[in-house]
Amino acid sequence: MKMPWICLGLLTLALIAFRAESAPSSEQDIETDFYEGLRQRGLFSLTESSLQEHLEAESTTPTQRAYYRLELSRTYALHASQRIGTEQEELWKLAQQVAQQGVDEDEETRWSADLVVQNSLIPIEQTRFHLQQLRLTPHDEHARERLVEELHSHLRKLRDLEKVLNRKSENVLLRFRNDPLAISPYEFRRVQKRLIYEIAVVLSEIAEFEYSRDQDRSPPIRAALDRVRLLTSDAEDELLTWKGRLLSIRCQRLQGEYQTARTELKRYQGEW
């Protein structure tokens, strides 16, 4: 009976490799895939030193510097999630500092929106690390209450950021026409959809940790699924579409709809 959920994990791992196996559309995509590949292989020190070298090079342009800060912050954050204690705290701090520097120094390059979103996600990743620990000690009510409060705080900030990006989206096309180095409408939508996905994940986490199994989890689940539908109805980003599908299965499980979740999982396995 547990095999379908093992398959869910395998599908998730397959999604990690999906982008790397897809044909990249630009040199920037190739570089992004390169750093993502290094991170997934656990080569954090190599990735960090390479990105630091690029940041320190005099030939690095402001746009390139913003990009390397983004990748370095992502690297520190993932590195932190696989460490504990003082080393982990230092890595979280570095991830936040690098992202904040990027936000402060970036002059509306194509990476501005990515940096703002990355800066907002680091505290969420810290909370998720502690949520994993809570799953191992589910009777720690004090930790549960504290982490649920953090989730609600993250949700409010993500929704505020979503409103900011929605307002900025009105001028993206005009700016891109006037400045080829600015973010394109396609790239901006990609950032917006990433934010939609993260909001849906936080809502699913609220459903899991704020509500017990015998309580009605439908309010946050409905809100999460509304967000997921915005992703799965748009085939523009196949990776994010698949992640949205897997999240919808998770929501079905949280609702106790195990048979529906199994059916959906088997259907997606066939498509994959």
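Helices here are DSSP runs of H or I with at least four residues, numbered from the N terminus, and the expected span of one is 1.5 Å times one less than its number of residues. Take helix α11 (residues 238-254): its 17 residues should span 24 Å at 1.5 Å a residue, and its end C-alpha atoms sit 25 Å apart, which agrees.

A quick word on what you're looking at: this is a predicted model, where local features need pLDDT of at least 70, side-chain atom pairs count only at pLDDT 80 or more, and totals for chains, interfaces and linings use all residues. Residues are numbered from 1 along each chain as its sequence is written, and side-chain values use heavy atoms, leaving out hydrogens and water.

Back to α11, which is mostly covered, with 12 of its 17 residues buried (under 20% relative accessible area; exposed is over 50%, partly exposed in between, using a 1.4 Å probe and protein chains only). Among the buried ones are Trp 242, Arg 245 and Leu 254. Just after the helix, Gly 256 takes a positive phi of about 85 degrees.

Leu 254 also turns up in the lining of the second largest pocket, where Leu 254, Glu 208, Arg 213, Arg 217 and Tyr 258 lie nearest the centre. The elements giving two or more residues to that lining are α6 (112-136), α9 (185-210) and α11.

Now for the charged pairs. Side chains of opposite charge can pair when their charged atoms come close. A search of the whole structure finds 19 salt bridges, each one a side-chain nitrogen of Lys or Arg within 4 Å of a carboxyl oxygen of Asp or Glu. Here are three of them:

| Pair | Closest N and O atoms |
|---|---|
| Arg 39 and Glu 36 | 3.0 Å |
| Glu 71 and Arg 74 | 3.3 Å |
| Glu 162 and Arg 227 | 2.4 Å |

Glu 162 lies in helix α7 (residues 141-168) and Arg 227 in helix α10 (residues 218-232), so this pair ties together parts that are 65 residues apart in sequence. Both Glu 162 and Arg 227 are buried. Elsewhere, salt bridges that share partners join Glu 36, Arg 39, Glu 71, Arg 74, Asp 114 and Arg 190 into one network.

Arg 39 counts as buried at 4% relative accessibility, while Glu 36, at 28%, counts as partly exposed. Glu 71, in helix α4 (residues 62-81), is buried with a relative accessible area of 0%, whereas Arg 74 is partly exposed at 23%.

Terms used. 1 Å grid on protein atoms, 1.4 Å probe; cavity = no way out; pocket = protein on both sides within 12 Å on 5 of 7 lines; lining within 4 Å.
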